[in-house]
Amino acid sequence: MRRFFILGLLLLFLSACAAPEPGFSFAPAEEDRLVIYTSHREAVYEPIIKEFEERTGVWVQVETGGSGDLLARVEAEAEAPVCDLFFGGGVDSLQSRAALFEPYVSPLQNQLQPAFRCDSGTWTAFSSLPVVLIYNPVLIRANPPDSWQSLLDPAWRGKIAFASPTVSGSSYTTLASLLQVLPEDDQALLEAFVENLDGRILDSSTQVADAVAGGSCYIGAIPEDIALQAIANGRDVALLGPKEGTCTLPDGMAVVTGCPHGDNARRFIDFALSEDVQRYLMDHCSRRSVRADLRQEEEGRFLAFDSFDYDAVWAGEQRETLLAQWRALCGEEGGGI
């Protein structure tokens with residue numbers, strides 16, 4: 001994946017040295033365009049999109065935001081779609097809005113691990129993102145939180161970093177995991193969890209890592225890649241998998257129904273599943289590949305976690321109900337769907 005970085009340096013050099021002539025404007029033809037809505041961090045999506053542009057000649061317009069807000073935007077634009085490809089968010093969130101997306105099964109799907117294949121084509125897996133518990137090892141030197149039940153322990157009240165599931169797709173997956181793993185009634189669990197947050201609700205999973213590393217919170221729950229990146233950057237963060245098992249739901253990609261540049265959206269999906277892009281995710285983004293041929297290599301780089309059988313269909317079906325309950329308990333208005 002060295003090519004990604006060489007290409008990036010070349011593009012920066014050319015953009016700095018080549019000033020356009022007065023009155024010059026570049027307007028790519030419609031067949032050479034692609035509009036992507038993504039909830040990924042810039043460090044993840046930018047090198048991949050630039051490489052796709054270089055290889056294909058397709059000009060990509062990127063709109064960013066939380067997956068909940070972006071899904072709401074796609075729904076609002078359904079009569080006249082602007083977005084061609086939705087790129088990011090747990091596949092449970094994409095499944096919950098299946099009508100917004102047109103089926104596409106990539107010819108590379110048979111190279112994916114069976115657990116990450118979607119036969120209906122509603123979504124295509126991009127990377128595997130286990131949910132992990134994190135804590136500040138400077139503030140917690142013994143008995144760190146090691147279970148989903150820890151998030152309900154009154155000892156941590158007001159010290160838990162958590163992003164709103166109305167904005168963050170990974171937080172919705174975390175919330176759905178909590179409800180699926182623990183045996184109590186869902187409404188009672190949701191009320192207990194919100195009470196333990198004590199009003200500390202953030203806007204993104206990256207903010208969760210920042211809050212724990214900075215000491216304003218002691219513990220949190222986020223996708224593994226964000227925790228690993230924080231650790232690699234020397235932040236005061238440690239991670240572990242919940243002893244009840246964690247969710248290994250993939251984040252996904254989906255072609256928007258009736259979009260103007262569907263062929264290019266499908267080309268991007270195939271590109272994102274290629275071996276070099278998937279290896280780039282492991283090498284530089286701390287993400288697990290969804291390809292079967294990289295499974296052994298992946299197991300040599302990441303910690304082993306127990307997992308549980310996350311019910312993505314249930315999570316998708318219950319999304320609106322759970323988010324409505326969340327808003328009622330937290331006093332949130334709007335923010336996602």
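What is the mean pLDDT of the chain, and what share of its residues reach 70 or more? The mean is 89, and 91% of the residues reach 70 or more, where pLDDT is the predictor's confidence in each residue, from 0 to 100. Over residues 9-24, though, the pLDDT is below 50, and beyond near neighbours in sequence this stretch has 1 contact in the model (contact means heavy atoms within 4.5 Å). Where pLDDT is low, the predicted coordinates should not be read in detail.

A quick word on ground rules. This is a predicted model, in which local features need pLDDT of at least 70 and side-chain atom pairs count only at pLDDT 80 or more, while totals for chains, interfaces and linings use all residues. Residues are numbered from 1 along each chain as its sequence is written, and side-chain values use heavy atoms, with hydrogens and water left out.

Let's start with Ser171, which sits in helix α5 (residues 169-181); helices are DSSP runs of H or I, at least four residues, numbered from the N terminus. Its side chain has a polar atom 2.9 Å from the backbone oxygen of Ala163. Leaving out residues up to four places away in sequence, Ser171 touches Phe162, Ala163, Ser164, Pro165 and Ser205.

Helix α5 also meets helix α13 (residues 319-330): their axes come within 12 Å and cross at roughly 95°, with axes being lines fitted to C-alpha atoms over the stretch in contact and angles running from 0 to 180 degrees between N-to-C directions. So α5 is roughly perpendicular to α13, a label for angles of 65 to 115 degrees. On the α5 side the contacts come from Tyr172, Leu175 and Leu179, and on the α13 side from Arg319, Leu322, Leu323 and Trp326.

Thr206 belongs to helix α7 (residues 205-214). Not counting residues up to four places away in sequence, Thr206 touches Arg41 and Ile226. Val237 is 31 residues from Thr206 in sequence and 12 Å from it in space, C-alpha to C-alpha.

Here is how some residues score on relative accessible area (buried is under 20%, exposed over 50%, partly exposed in between, with a 1.4 Å probe and protein chains only):

| Residue | Relative accessible area | Class |
|---|---|---|
| Ser171 | 1% | buried |
| Cys259 | 13% | buried |
| Cys330 | 24% | partly exposed |
| Thr206 | 32% | partly exposed |

And the cysteines? The structure holds 0 disulfides, a disulfide being a pair of cysteine sulfur atoms within 2.5 Å. For Cys259, the nearest cysteine sulfur is that of Cys83, 7.7 Å away. Cys330 has its closest cysteine sulfur in Cys217, and at 14 Å that is too far for a bond.

Note on methods: Helices (H or I, at least four residues) and strands (E, at least two) are DSSP runs, numbered from the N terminus. A polar contact is a pair of N or O atoms within 3.5 Å; within protein, one must be able to donate a hydrogen and the other to accept it, and residues adjacent in sequence count only if both atoms are side-chain atoms. Angles under 35 degrees count as roughly parallel, over 145 as roughly antiparallel, 65 to 115 as roughly perpendicular and the rest as oblique.
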